[in-house]
Amino acid sequence: MTAMTAPLVDIADLVIEYDTGTRQVRAIDGAALQVFEDETLAIVGESGSGKTTLGMAAGRLLPPEARVLGGRIHVADVDVSDADDDALRRLRHDKLGFVFQNPTTALDPTMRIGRQVALAMGGRPAPEAIAELLSRAELNEPQRILRAFPHELSGGMAQRVVIAMAIARSPQLLIADEPTASLDASIREKVMATLGRLRAESGASLVILSHDLRMIARHADRVAVMYGGRIVELGAVGQVMQAPAHPYTRALLAAAAGNERPGERLRPIPGTPPILESRCEACAYAPRCAFRETRCETERPEPRAFAGREVVCHRAEAVIAADQSPRQEAR
Amino acid sequence: MEPPVIALEDVTVTYRSGFLGGTGFDALRGVSLSVGAGETVGLVGESGSGKTTLGRVCLGLLRPTTGSMHFAGQPFGNLRQRRGQLSVVLQHPEWALNPRLRCGRSVEEPLVLTGVSAAARRARVDEILEQVGLDPSFAARLPGQLSGGQRQRIAIARALVTHPRFIVFDEAVSALDVSVQAQVLNLIRDLQERHGFGALFISHDIAATRYVSHRIAVMLNGEIVEDGPAGRFYGAPEHPYSRALLAAV
(Lines give C-alpha, C1' and ligand atoms only; values in the text may rest on other atoms or scores of the structure.)
Protein backbone atom coordinates (compact mmCIF):
# COMPACT_ATOMS: atom_id res chain seq x y z
CA MET A 1 0.00 0.00 0.00
CA THR A 2 1.29 3.40 -0.92
CA ALA A 3 0.08 5.45 2.02
CA MET A 4 2.60 8.21 1.35
CA THR A 5 1.32 9.26 -2.07
CA ALA A 6 -2.01 11.00 -2.53
CA PRO A 7 -4.88 8.53 -2.64
CA LEU A 8 -6.50 7.81 -6.00
CA VAL A 9 -9.96 8.20 -4.52
CA ASP A 10 -10.57 10.47 -1.57
CA ILE A 11 -14.10 10.61 -0.23
CA ALA A 12 -14.83 12.60 2.93
CA ASP A 13 -17.99 13.34 4.93
CA LEU A 14 -20.13 12.34 1.97
CA VAL A 15 -23.90 12.72 2.41
CA ILE A 16 -26.28 11.58 -0.32
CA GLU A 17 -30.06 11.51 -0.15
CA TYR A 18 -32.68 10.14 -2.50
CA ASP A 19 -35.83 12.10 -3.10
CA THR A 20 -38.55 9.45 -3.34
CA GLY A 21 -41.34 11.94 -3.92
CA THR A 22 -42.93 11.45 -0.54
CA ARG A 23 -39.83 11.64 1.61
CA GLN A 24 -36.05 11.93 1.74
CA VAL A 25 -34.07 8.75 2.22
CA ARG A 26 -30.51 9.13 3.31
CA ALA A 27 -28.36 6.55 1.52
CA ILE A 28 -24.94 7.84 2.53
CA ASP A 29 -24.66 9.32 6.00
CA GLY A 30 -21.19 10.80 6.30
CA ALA A 31 -19.00 8.18 4.63
CA ALA A 32 -15.24 8.61 4.34
CA LEU A 33 -13.03 6.36 2.25
CA GLN A 34 -9.66 6.46 0.54
CA VAL A 35 -8.55 4.13 -2.22
CA PHE A 36 -4.84 3.94 -2.92
CA GLU A 37 -3.02 3.08 -6.11
CA ASP A 38 -2.54 -0.55 -7.02
CA GLU A 39 -4.87 -2.12 -4.48
CA THR A 40 -8.11 -4.07 -4.40
CA LEU A 41 -10.66 -2.72 -1.99
CA ALA A 42 -13.96 -4.46 -1.35
CA ILE A 43 -17.04 -2.69 -0.04
CA VAL A 44 -19.44 -5.14 1.60
CA GLY A 45 -22.89 -4.72 3.05
CA GLU A 46 -26.48 -5.85 2.65
CA SER A 47 -28.80 -4.35 0.08
CA GLY A 48 -29.68 -0.85 1.15
CA SER A 49 -26.41 -0.30 3.00
CA GLY A 50 -25.35 2.31 0.44
CA LYS A 51 -22.48 0.48 -1.25
CA THR A 52 -23.77 0.91 -4.79
CA THR A 53 -24.55 4.59 -4.16
CA LEU A 54 -21.02 5.11 -2.92
CA GLY A 55 -19.48 3.29 -5.89
CA MET A 56 -21.57 5.10 -8.48
CA ALA A 57 -20.93 8.46 -6.82
CA ALA A 58 -17.25 8.07 -7.71
CA GLY A 59 -18.19 8.54 -11.38
CA ARG A 60 -21.19 10.78 -10.68
CA LEU A 61 -23.36 8.05 -12.15
CA LEU A 62 -26.22 8.52 -9.70
CA PRO A 63 -29.83 8.75 -10.84
CA PRO A 64 -31.34 12.25 -10.99
CA GLU A 65 -33.32 11.84 -7.77
CA ALA A 66 -30.08 11.45 -5.82
CA ARG A 67 -28.67 14.60 -4.29
CA VAL A 68 -25.22 15.12 -2.86
CA LEU A 69 -25.81 17.21 0.27
CA GLY A 70 -22.29 17.47 1.56
CA GLY A 71 -18.76 16.19 1.58
CA ARG A 72 -16.33 15.81 -1.27
CA ILE A 73 -15.30 13.16 -3.77
CA HIS A 74 -11.92 13.43 -5.42
CA VAL A 75 -11.00 10.83 -8.02
CA ALA A 76 -7.58 11.06 -9.67
CA ASP A 77 -7.30 14.71 -8.62
CA VAL A 78 -10.66 15.62 -10.12
CA ASP A 79 -13.36 17.01 -7.84
CA VAL A 80 -16.20 14.81 -9.09
CA SER A 81 -19.09 16.67 -7.47
CA ASP A 82 -17.89 19.98 -8.88
CA ALA A 83 -16.42 19.07 -12.28
CA ASP A 84 -17.90 20.42 -15.51
CA ASP A 85 -19.19 18.05 -18.17
CA ASP A 86 -15.95 18.09 -20.12
CA ALA A 87 -13.75 17.20 -17.20
CA LEU A 88 -16.21 14.56 -16.09
CA ARG A 89 -16.30 12.98 -19.54
CA ARG A 90 -12.51 12.83 -19.68
CA LEU A 91 -12.43 11.26 -16.21
CA ARG A 92 -15.00 8.61 -17.04
CA HIS A 93 -13.49 7.85 -20.43
CA ASP A 94 -9.82 7.66 -19.52
CA LYS A 95 -9.49 7.02 -15.82
CA LEU A 96 -12.53 5.01 -14.76
CA GLY A 97 -13.76 1.58 -15.76
CA PHE A 98 -17.09 0.18 -14.63
CA VAL A 99 -18.20 -3.44 -14.47
CA PHE A 100 -21.89 -3.80 -13.65
CA GLN A 101 -23.80 -6.61 -12.08
CA ASN A 102 -25.73 -7.78 -15.09
CA PRO A 103 -23.70 -7.97 -18.31
CA THR A 104 -26.74 -8.50 -20.52
CA THR A 105 -28.14 -5.10 -19.53
CA ALA A 106 -24.74 -3.40 -19.69
CA LEU A 107 -24.30 -4.32 -23.36
CA ASP A 108 -26.30 -2.81 -26.20
CA PRO A 109 -28.46 -5.62 -27.62
CA THR A 110 -28.64 -4.05 -31.10
CA MET A 111 -24.90 -3.76 -31.68
CA ARG A 112 -22.31 -6.39 -32.48
CA ILE A 113 -19.71 -6.94 -29.76
CA GLY A 114 -16.86 -5.74 -31.99
CA ARG A 115 -18.45 -2.32 -32.49
CA GLN A 116 -19.27 -1.86 -28.83
CA VAL A 117 -15.74 -2.71 -27.79
CA ALA A 118 -14.37 -0.35 -30.47
CA LEU A 119 -16.48 2.47 -29.03
CA ALA A 120 -15.08 1.79 -25.59
CA MET A 121 -11.52 1.79 -26.95
CA GLY A 122 -11.98 5.14 -28.69
CA GLY A 123 -10.69 6.09 -32.13
CA ARG A 124 -10.86 3.50 -34.91
CA PRO A 125 -9.09 0.41 -33.60
CA ALA A 126 -8.12 -2.35 -35.99
CA PRO A 127 -10.05 -5.62 -35.68
CA GLU A 128 -6.84 -7.27 -34.53
CA ALA A 129 -6.54 -4.81 -31.67
CA ILE A 130 -10.12 -5.53 -30.59
CA ALA A 131 -9.52 -9.26 -30.78
CA GLU A 132 -6.33 -8.83 -28.79
CA LEU A 133 -8.24 -6.94 -26.08
CA LEU A 134 -10.90 -9.64 -25.92
CA SER A 135 -8.29 -12.36 -25.55
CA ARG A 136 -6.70 -10.41 -22.71
CA ALA A 137 -10.04 -10.87 -20.94
CA GLU A 138 -9.57 -14.62 -21.57
CA LEU A 139 -12.19 -14.96 -24.25
CA ASN A 140 -11.41 -17.80 -26.62
CA GLU A 141 -12.29 -17.38 -30.29
CA PRO A 142 -12.29 -13.57 -30.20
CA GLN A 143 -12.91 -13.47 -33.96
CA ARG A 144 -16.26 -15.21 -33.53
CA ILE A 145 -17.24 -13.05 -30.56
CA LEU A 146 -16.49 -9.85 -32.50
CA ARG A 147 -19.30 -10.64 -34.88
CA ALA A 148 -21.73 -11.88 -32.24
CA PHE A 149 -24.62 -10.02 -30.66
CA PRO A 150 -24.87 -9.94 -26.84
CA HIS A 151 -27.75 -12.45 -26.75
CA GLU A 152 -25.55 -15.01 -28.48
CA LEU A 153 -23.10 -15.05 -25.58
CA SER A 154 -23.35 -16.84 -22.27
CA GLY A 155 -23.46 -14.76 -19.08
CA GLY A 156 -19.82 -15.44 -18.28
CA MET A 157 -18.67 -14.52 -21.80
CA ALA A 158 -20.76 -11.33 -21.75
CA GLN A 159 -19.24 -10.34 -18.42
CA ARG A 160 -15.75 -10.87 -19.88
CA VAL A 161 -16.69 -8.57 -22.76
CA VAL A 162 -17.80 -5.95 -20.23
CA ILE A 163 -14.50 -6.37 -18.40
CA ALA A 164 -12.60 -5.99 -21.66
CA MET A 165 -14.49 -2.75 -22.35
CA ALA A 166 -13.80 -1.50 -18.82
CA ILE A 167 -10.04 -1.97 -19.21
CA ALA A 168 -9.92 -0.78 -22.85
CA ARG A 169 -8.47 2.64 -21.98
CA SER A 170 -6.18 1.34 -19.19
CA PRO A 171 -8.14 3.11 -16.45
CA GLN A 172 -6.59 3.94 -13.09
CA LEU A 173 -9.68 2.86 -11.22
CA LEU A 174 -12.00 -0.06 -11.90
CA ILE A 175 -15.32 -0.17 -10.06
CA ALA A 176 -17.08 -3.53 -10.15
CA ASP A 177 -20.60 -3.67 -8.74
CA GLU A 178 -21.43 -7.29 -7.84
CA PRO A 179 -19.39 -8.42 -10.88
CA THR A 180 -20.21 -12.10 -10.42
CA ALA A 181 -23.64 -12.04 -8.80
CA SER A 182 -25.49 -12.88 -12.01
CA LEU A 183 -23.03 -15.59 -13.00
CA ASP A 184 -22.90 -19.27 -12.27
CA ALA A 185 -21.03 -20.30 -9.14
CA SER A 186 -18.64 -22.48 -11.12
CA ILE A 187 -17.38 -19.64 -13.32
CA ARG A 188 -17.50 -16.86 -10.72
CA GLU A 189 -14.09 -17.71 -9.43
CA LYS A 190 -12.58 -17.68 -12.93
CA VAL A 191 -14.10 -14.33 -13.84
CA MET A 192 -12.87 -12.82 -10.58
CA ALA A 193 -9.41 -14.25 -11.25
CA THR A 194 -9.41 -12.59 -14.69
CA LEU A 195 -10.44 -9.28 -13.18
CA GLY A 196 -7.76 -9.55 -10.52
CA ARG A 197 -5.06 -10.49 -13.04
CA LEU A 198 -5.91 -7.58 -15.34
CA ARG A 199 -5.86 -5.23 -12.39
CA ALA A 200 -2.47 -6.47 -11.27
CA GLU A 201 -1.02 -6.24 -14.80
CA SER A 202 -2.10 -2.64 -15.28
CA GLY A 203 -1.39 -1.48 -11.73
CA ALA A 204 -4.86 0.01 -11.51
CA SER A 205 -6.99 -0.02 -8.39
CA LEU A 206 -10.08 -2.16 -8.15
CA VAL A 207 -13.10 -1.46 -5.98
CA ILE A 208 -15.45 -4.44 -5.65
CA LEU A 209 -18.96 -3.84 -4.32
CA SER A 210 -20.37 -7.12 -3.10
CA HIS A 211 -22.17 -8.99 -0.38
CA ASP A 212 -20.27 -12.22 -0.97
CA LEU A 213 -17.88 -12.39 1.97
CA ARG A 214 -16.14 -15.54 0.84
CA MET A 215 -15.35 -14.14 -2.58
CA ILE A 216 -13.99 -10.95 -1.02
CA ALA A 217 -11.80 -12.83 1.41
CA ARG A 218 -10.01 -14.39 -1.54
CA HIS A 219 -9.72 -11.41 -3.86
CA ALA A 220 -9.44 -8.17 -1.91
CA ASP A 221 -6.54 -6.56 -0.03
CA ARG A 222 -8.68 -4.31 2.13
CA VAL A 223 -12.33 -4.46 3.03
CA ALA A 224 -14.77 -1.70 3.98
CA VAL A 225 -17.94 -2.87 5.70
CA MET A 226 -20.91 -0.57 5.13
CA TYR A 227 -23.98 -0.23 7.28
CA GLY A 228 -26.59 2.50 7.38
CA GLY A 229 -24.74 4.65 4.87
CA ARG A 230 -21.46 4.67 6.79
CA ILE A 231 -18.30 2.64 6.63
CA VAL A 232 -18.34 0.91 9.98
CA GLU A 233 -15.15 -1.11 9.68
CA LEU A 234 -12.19 -0.69 7.35
CA GLY A 235 -9.00 -2.70 7.35
CA ALA A 236 -6.92 -5.48 5.84
CA VAL A 237 -9.12 -8.40 4.75
CA GLY A 238 -7.34 -11.00 6.86
CA GLN A 239 -7.57 -8.93 10.01
CA VAL A 240 -11.20 -7.94 9.61
CA MET A 241 -12.38 -11.42 8.67
CA GLN A 242 -10.36 -13.23 11.34
CA ALA A 243 -11.20 -10.91 14.20
CA PRO A 244 -13.97 -8.45 13.39
CA ALA A 245 -14.12 -5.43 15.69
CA HIS A 246 -17.56 -4.22 14.62
CA PRO A 247 -20.59 -6.24 15.78
CA TYR A 248 -22.15 -6.00 12.31
CA THR A 249 -19.11 -7.54 10.61
CA ARG A 250 -19.15 -10.26 13.23
CA ALA A 251 -22.86 -10.93 12.70
CA LEU A 252 -22.46 -11.04 8.91
CA LEU A 253 -19.72 -13.64 9.21
CA ALA A 254 -21.83 -15.73 11.57
CA ALA A 255 -24.81 -15.58 9.21
CA ALA A 256 -22.96 -16.69 6.07
CA ALA A 257 -23.31 -20.35 5.16
CA GLY A 258 -19.93 -21.96 4.61
CA ASN A 259 -18.23 -21.25 7.94
CA GLU A 260 -20.46 -23.46 10.03
CA ARG A 261 -19.73 -27.00 11.13
CA PRO A 262 -22.10 -29.87 10.32
CA GLY A 263 -25.17 -29.68 12.54
CA GLU A 264 -24.44 -26.13 13.57
CA ARG A 265 -27.15 -23.54 13.08
CA LEU A 266 -26.63 -20.28 11.21
CA ARG A 267 -27.42 -17.16 13.19
CA PRO A 268 -29.25 -14.59 11.10
CA ILE A 269 -28.99 -10.97 12.19
CA PRO A 270 -32.20 -10.07 14.03
CA GLY A 271 -34.25 -7.14 12.76
CA THR A 272 -33.94 -5.32 9.45
CA PRO A 273 -31.52 -2.70 8.11
CA PRO A 274 -32.52 0.89 8.91
CA ILE A 275 -33.95 3.36 6.41
CA LEU A 276 -32.55 6.71 7.46
CA GLU A 277 -34.37 9.94 6.78
CA SER A 278 -31.78 12.29 8.26
CA ARG A 279 -28.42 12.20 9.99
CA CYS A 280 -28.36 9.32 12.45
CA GLU A 281 -27.52 10.70 15.90
CA ALA A 282 -26.94 7.26 17.38
CA CYS A 283 -25.28 4.10 16.20
CA ALA A 284 -27.41 2.93 13.24
CA TYR A 285 -26.74 -0.69 14.18
CA ALA A 286 -27.68 -0.33 17.86
CA PRO A 287 -31.25 -1.74 17.57
CA ARG A 288 -29.89 -5.04 16.18
CA CYS A 289 -26.69 -5.18 18.19
CA ALA A 290 -25.96 -7.74 20.87
CA PHE A 291 -23.23 -5.55 22.37
CA ARG A 292 -25.17 -2.30 22.72
CA GLU A 293 -25.18 -0.13 25.82
CA THR A 294 -27.02 3.12 26.57
CA ARG A 295 -24.37 5.28 24.94
CA CYS A 296 -24.94 3.50 21.59
CA GLU A 297 -28.49 4.81 21.47
CA THR A 298 -27.65 8.42 22.28
CA GLU A 299 -24.20 9.11 20.89
CA ARG A 300 -23.11 8.85 17.27
CA PRO A 301 -19.87 6.82 17.12
CA GLU A 302 -17.03 8.41 15.17
CA PRO A 303 -14.36 6.56 13.20
CA ARG A 304 -11.34 5.67 15.30
CA ALA A 305 -8.22 3.62 14.85
CA PHE A 306 -8.39 0.35 16.71
CA ALA A 307 -6.47 -2.92 16.43
CA GLY A 308 -4.88 -2.02 13.10
CA ARG A 309 -8.05 -0.89 11.37
CA GLU A 310 -10.64 1.85 11.47
CA VAL A 311 -13.89 1.13 13.24
CA VAL A 312 -17.07 3.07 13.98
CA CYS A 313 -18.24 1.50 17.23
CA HIS A 314 -18.28 2.39 20.92
CA ARG A 315 -17.94 -1.24 21.90
CA ALA A 316 -15.14 -2.44 19.60
CA GLU A 317 -12.99 -3.57 22.53
CA ALA A 318 -15.75 -5.85 23.79
CA VAL A 319 -16.49 -7.19 20.30
CA ILE A 320 -12.94 -8.16 19.52
CA ALA A 321 -12.47 -9.71 22.97
CA ALA A 322 -15.64 -11.77 22.58
CA ASP A 323 -14.46 -12.95 19.22
CA GLN A 324 -11.68 -15.17 20.51
CA SER A 325 -14.13 -18.07 20.62
CA PRO A 326 -17.01 -17.29 18.26
CA ARG A 327 -17.61 -20.93 17.31
CA GLN A 328 -18.01 -22.28 20.82
CA GLU A 329 -20.52 -19.59 21.53
CA ALA A 330 -22.42 -20.55 18.40
CA ARG A 331 -23.44 -23.87 19.87
CA MET B 1 -40.72 -48.99 5.43
CA GLU B 2 -42.44 -46.07 3.80
CA PRO B 3 -41.65 -45.73 0.10
CA PRO B 4 -39.75 -42.61 -0.93
CA VAL B 5 -41.84 -39.60 -1.95
CA ILE B 6 -40.07 -39.36 -5.26
CA ALA B 7 -38.17 -42.20 -6.85
CA LEU B 8 -36.51 -41.84 -10.22
CA GLU B 9 -35.01 -44.86 -11.85
CA ASP B 10 -32.62 -44.67 -14.75
CA VAL B 11 -34.30 -41.56 -16.13
CA THR B 12 -33.13 -40.10 -19.42
CA VAL B 13 -34.54 -36.93 -20.93
CA THR B 14 -33.76 -36.18 -24.55
CA TYR B 15 -34.51 -32.81 -26.08
CA ARG B 16 -35.19 -33.11 -29.78
CA SER B 17 -34.34 -30.03 -31.73
CA GLY B 18 -32.60 -28.80 -34.82
CA PHE B 19 -29.74 -27.05 -33.19
CA LEU B 20 -27.50 -30.08 -32.99
CA GLY B 21 -27.99 -31.16 -36.56
CA GLY B 22 -31.49 -32.47 -35.86
CA THR B 23 -30.26 -35.06 -33.42
CA GLY B 24 -31.29 -35.41 -29.81
CA PHE B 25 -29.52 -33.93 -26.84
CA ASP B 26 -29.57 -35.79 -23.55
CA ALA B 27 -30.29 -33.30 -20.76
CA LEU B 28 -30.39 -36.18 -18.29
CA ARG B 29 -28.66 -39.51 -18.73
CA GLY B 30 -29.55 -42.53 -16.63
CA VAL B 31 -30.36 -40.57 -13.48
CA SER B 32 -31.57 -42.46 -10.42
CA LEU B 33 -32.56 -40.46 -7.39
CA SER B 34 -34.92 -40.88 -4.48
CA VAL B 35 -36.17 -38.39 -1.94
CA GLY B 36 -37.71 -39.72 1.26
CA ALA B 37 -40.34 -38.06 3.44
CA GLY B 38 -38.75 -35.46 5.71
CA GLU B 39 -35.55 -35.58 3.72
CA THR B 40 -33.89 -32.78 1.77
CA VAL B 41 -31.73 -33.75 -1.16
CA GLY B 42 -29.43 -31.01 -2.41
CA LEU B 43 -28.73 -30.87 -6.12
CA VAL B 44 -25.65 -28.92 -7.16
CA GLY B 45 -23.90 -28.43 -10.47
CA GLU B 46 -23.24 -25.70 -13.00
CA SER B 47 -25.87 -24.35 -15.36
CA GLY B 48 -26.49 -26.68 -18.25
CA SER B 49 -25.76 -29.71 -16.11
CA GLY B 50 -29.44 -30.67 -16.00
CA LYS B 51 -30.42 -29.50 -12.51
CA THR B 52 -33.52 -27.65 -13.59
CA THR B 53 -34.54 -30.43 -16.00
CA LEU B 54 -34.34 -32.90 -13.13
CA GLY B 55 -36.46 -30.56 -11.01
CA ARG B 56 -39.06 -30.38 -13.75
CA VAL B 57 -39.15 -34.17 -14.03
CA CYS B 58 -39.67 -34.47 -10.27
CA LEU B 59 -42.57 -32.02 -10.46
CA GLY B 60 -44.16 -33.99 -13.29
CA LEU B 61 -43.81 -31.08 -15.70
CA LEU B 62 -41.61 -33.11 -17.98
CA ARG B 63 -42.03 -36.77 -18.91
CA PRO B 64 -38.85 -38.82 -18.84
CA THR B 65 -37.97 -40.08 -22.32
CA THR B 66 -36.99 -43.41 -20.82
CA GLY B 67 -36.91 -44.65 -17.24
CA SER B 68 -39.54 -44.64 -14.57
CA MET B 69 -40.77 -42.27 -11.93
CA HIS B 70 -42.76 -43.13 -8.82
CA PHE B 71 -44.53 -40.86 -6.39
CA ALA B 72 -44.97 -42.33 -2.91
CA GLY B 73 -44.59 -45.84 -4.29
CA GLN B 74 -47.12 -45.42 -7.08
CA PRO B 75 -46.73 -44.51 -10.75
CA PHE B 76 -46.84 -40.74 -11.09
CA GLY B 77 -50.06 -40.60 -13.09
CA ASN B 78 -51.23 -37.22 -14.32
CA LEU B 79 -50.76 -33.84 -12.70
CA ARG B 80 -54.42 -33.40 -11.81
CA GLN B 81 -54.18 -36.39 -9.49
CA ARG B 82 -51.21 -34.79 -7.74
CA ARG B 83 -52.89 -31.46 -7.05
CA GLY B 84 -51.71 -30.01 -3.75
CA GLN B 85 -49.13 -32.72 -3.26
CA LEU B 86 -46.29 -31.04 -5.14
CA SER B 87 -44.94 -27.55 -4.86
CA VAL B 88 -42.13 -25.32 -5.99
CA VAL B 89 -40.31 -22.25 -4.69
CA LEU B 90 -38.41 -20.29 -7.33
CA GLN B 91 -35.41 -17.97 -7.24
CA HIS B 92 -37.26 -14.71 -7.78
CA PRO B 93 -40.43 -14.47 -5.70
CA GLU B 94 -41.38 -11.34 -7.62
CA TRP B 95 -41.88 -13.55 -10.67
CA ALA B 96 -43.77 -16.20 -8.74
CA LEU B 97 -46.23 -13.79 -7.11
CA ASN B 98 -48.79 -11.83 -9.06
CA PRO B 99 -47.92 -8.18 -8.31
CA ARG B 100 -51.58 -7.18 -8.41
CA LEU B 101 -52.85 -9.79 -5.95
CA ARG B 102 -52.69 -9.22 -2.22
CA CYS B 103 -50.30 -11.67 -0.58
CA GLY B 104 -53.12 -13.38 1.30
CA ARG B 105 -54.89 -14.08 -1.97
CA SER B 106 -51.71 -15.49 -3.53
CA VAL B 107 -51.17 -17.80 -0.59
CA GLU B 108 -54.82 -18.86 -0.65
CA GLU B 109 -54.97 -19.69 -4.35
CA PRO B 110 -53.74 -23.32 -4.17
CA LEU B 111 -56.47 -24.00 -1.57
CA VAL B 112 -59.14 -22.65 -3.93
CA LEU B 113 -57.99 -25.17 -6.53
CA THR B 114 -58.21 -28.06 -4.09
CA GLY B 115 -61.73 -26.99 -3.05
CA VAL B 116 -61.31 -25.83 0.54
CA SER B 117 -64.14 -23.72 2.03
CA ALA B 118 -63.61 -19.98 2.43
CA ALA B 119 -63.60 -19.98 6.24
CA ALA B 120 -61.13 -22.85 6.40
CA ARG B 121 -58.95 -21.10 3.83
CA ARG B 122 -58.71 -17.92 5.87
CA ALA B 123 -57.74 -19.79 9.02
CA ARG B 124 -55.20 -21.80 7.09
CA VAL B 125 -53.60 -18.69 5.53
CA ASP B 126 -53.23 -17.00 8.93
CA GLU B 127 -51.70 -20.14 10.36
CA ILE B 128 -49.19 -20.63 7.55
CA LEU B 129 -48.16 -16.94 7.59
CA GLU B 130 -47.44 -17.25 11.26
CA GLN B 131 -45.39 -20.37 10.62
CA VAL B 132 -43.17 -18.60 8.09
CA GLY B 133 -42.65 -15.79 10.59
CA LEU B 134 -44.95 -13.14 9.14
CA ASP B 135 -47.72 -11.26 10.88
CA PRO B 136 -51.22 -12.12 9.51
CA SER B 137 -51.53 -8.44 8.52
CA PHE B 138 -49.18 -9.22 5.63
CA ALA B 139 -52.10 -10.93 3.91
CA ALA B 140 -53.47 -7.51 3.00
CA ARG B 141 -50.23 -6.24 1.46
CA LEU B 142 -49.12 -6.30 -2.15
CA PRO B 143 -45.84 -8.04 -3.06
CA GLY B 144 -44.32 -4.68 -4.04
CA GLN B 145 -44.62 -3.49 -0.45
CA LEU B 146 -42.40 -6.27 0.92
CA SER B 147 -38.65 -6.77 1.11
CA GLY B 148 -36.99 -9.59 -0.80
CA GLY B 149 -36.82 -11.86 2.24
CA GLN B 150 -40.47 -11.24 3.12
CA ARG B 151 -41.54 -11.98 -0.44
CA GLN B 152 -39.64 -15.25 -0.37
CA ARG B 153 -41.43 -16.13 2.87
CA ILE B 154 -44.76 -15.47 1.14
CA ALA B 155 -43.67 -17.72 -1.72
CA ILE B 156 -42.75 -20.45 0.77
CA ALA B 157 -46.08 -20.01 2.59
CA ARG B 158 -47.89 -20.40 -0.71
CA ALA B 159 -45.91 -23.55 -1.51
CA LEU B 160 -46.69 -25.04 1.90
CA VAL B 161 -50.32 -24.11 2.30
CA THR B 162 -51.69 -27.36 0.86
CA HIS B 163 -49.34 -29.50 3.00
CA PRO B 164 -47.52 -30.91 -0.03
CA ARG B 165 -45.51 -34.07 0.31
CA PHE B 166 -42.75 -32.84 -1.94
CA ILE B 167 -41.30 -29.37 -2.64
CA VAL B 168 -38.69 -28.27 -5.13
CA PHE B 169 -36.61 -25.25 -4.08
CA ASP B 170 -35.04 -23.99 -7.30
CA GLU B 171 -32.28 -21.51 -6.36
CA ALA B 172 -34.66 -20.33 -3.63
CA VAL B 173 -32.07 -18.37 -1.63
CA SER B 174 -29.66 -17.32 -4.38
CA ALA B 175 -31.10 -13.83 -4.82
CA LEU B 176 -31.14 -13.02 -1.10
CA ASP B 177 -28.68 -11.14 1.07
CA VAL B 178 -26.40 -13.08 3.41
CA SER B 179 -28.34 -12.58 6.63
CA VAL B 180 -31.75 -12.97 4.97
CA GLN B 181 -30.43 -16.12 3.33
CA ALA B 182 -29.63 -17.51 6.77
CA GLN B 183 -33.16 -16.71 7.98
CA VAL B 184 -34.76 -18.47 5.02
CA LEU B 185 -32.46 -21.50 5.26
CA ASN B 186 -33.32 -21.86 8.96
CA LEU B 187 -37.00 -21.46 8.09
CA ILE B 188 -36.84 -24.27 5.54
CA ARG B 189 -35.21 -26.57 8.09
CA ASP B 190 -37.78 -25.74 10.78
CA LEU B 191 -40.76 -26.13 8.47
CA GLN B 192 -39.51 -29.46 7.26
CA GLU B 193 -39.21 -30.71 10.82
CA ARG B 194 -42.79 -29.66 11.42
CA HIS B 195 -44.40 -30.78 8.15
CA GLY B 196 -42.15 -33.67 7.12
CA PHE B 197 -42.16 -32.92 3.41
CA GLY B 198 -39.50 -34.29 1.10
CA ALA B 199 -37.54 -31.62 -0.69
CA LEU B 200 -35.20 -31.17 -3.60
CA PHE B 201 -32.96 -28.14 -3.01
CA ILE B 202 -31.48 -27.06 -6.32
CA SER B 203 -28.63 -24.57 -6.07
CA HIS B 204 -25.23 -23.73 -7.40
CA ASP B 205 -24.21 -22.60 -3.91
CA ILE B 206 -22.74 -25.64 -2.23
CA ALA B 207 -22.33 -23.88 1.13
CA ALA B 208 -26.05 -23.14 1.42
CA THR B 209 -26.97 -26.55 0.02
CA ARG B 210 -24.96 -28.61 2.46
CA TYR B 211 -26.37 -26.53 5.31
CA VAL B 212 -29.97 -27.29 4.45
CA SER B 213 -29.67 -30.79 2.96
CA HIS B 214 -29.41 -34.29 4.36
CA ARG B 215 -27.96 -35.69 1.18
CA ILE B 216 -26.30 -34.03 -1.78
CA ALA B 217 -26.27 -35.13 -5.41
CA VAL B 218 -23.72 -33.53 -7.71
CA MET B 219 -24.62 -33.24 -11.38
CA LEU B 220 -22.24 -32.91 -14.27
CA ASN B 221 -23.31 -33.04 -17.92
CA GLY B 222 -26.67 -34.64 -17.22
CA GLU B 223 -25.38 -37.34 -14.91
CA ILE B 224 -25.21 -37.63 -11.16
CA VAL B 225 -21.52 -38.08 -10.43
CA GLU B 226 -21.76 -38.21 -6.66
CA ASP B 227 -24.61 -38.83 -4.23
CA GLY B 228 -23.75 -38.85 -0.56
CA PRO B 229 -24.59 -37.55 2.90
CA ALA B 230 -24.23 -33.78 3.29
CA GLY B 231 -21.62 -34.28 6.01
CA ARG B 232 -19.22 -35.59 3.41
CA PHE B 233 -19.31 -32.19 1.71
CA TYR B 234 -17.82 -30.58 4.79
CA GLY B 235 -14.76 -32.78 4.38
CA ALA B 236 -13.52 -34.54 1.29
CA PRO B 237 -16.10 -35.63 -1.29
CA GLU B 238 -15.07 -38.40 -3.64
CA HIS B 239 -15.58 -37.07 -7.14
CA PRO B 240 -12.97 -34.58 -8.39
CA TYR B 241 -15.74 -32.29 -9.65
CA SER B 242 -17.33 -32.17 -6.18
CA ARG B 243 -13.97 -31.23 -4.77
CA ALA B 244 -13.60 -28.44 -7.33
CA LEU B 245 -17.02 -27.10 -6.30
CA LEU B 246 -16.01 -27.23 -2.67
CA ALA B 247 -12.76 -25.41 -3.31
CA ALA B 248 -14.77 -22.29 -4.11
CA VAL B 249 -16.30 -22.18 -0.61
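Predicted model: local features only at pLDDT ≥ 70, side-chain atom pairs only at ≥ 80, totals over all residues.
**Stop 1: the domains.** Colour chain B by domain: domain 1 covers 1-85 + 167-249, and domain 2 covers 98-163. The C-alpha centres of the two domains of chain B are 26 Å apart. Where they touch, domain 1 of chain B supplies twelve residues and domain 2 of chain B supplies 15. On the domain 1 side, eight of these residues are nonpolar, three are polar and one is charged. Which element gives the most to that side? Select residues 178-195 of chain B: this is helix H6, and six of its residues belong to the domain 1 side.

**Stop 2: along helix H6.** Keep H6(B) selected. Its 18 residues run 26 Å from the first C-alpha to the last, close to the 26 Å expected at 1.5 Å a residue. Now show side chains. The buried residues of H6(B) include B:Val178, B:Val184, B:Leu187, B:Ile188 and B:Leu191.

**Stop 3: the contact with chain A.** Show both chains. Chain B brings 21 residues to this contact and chain A brings 22. On the chain B side, the elements giving two or more residues are H6 and helix H7 (206-212). H6(B) gives the most here, with seven residues. By class, the chain B side holds ten nonpolar, eight polar and three charged residues.

**Last look.** Return to H6(B): this helix is the top contributor both to the domain 1 side facing domain 2 of chain B and to the chain B side facing chain A.

Key: Residues numbered from 1 in each chain as written. Chains lettered and ligands numbered in written order. Domains from an automatic or database assignment. Contact = placed C-beta atoms within 7 Å. Helix = DSSP H or I, 4+ residues; strand = E, 2+ residues; numbered from the N terminus. Nonpolar A, V, L, I, M, F, W, Y, C, P; charged D, E, K, R; others polar. Expected span 1.5 Å × (residues − 1). Buried ≥ 20, exposed ≤ 12 C-beta atoms within 10 Å, placed from the backbone.
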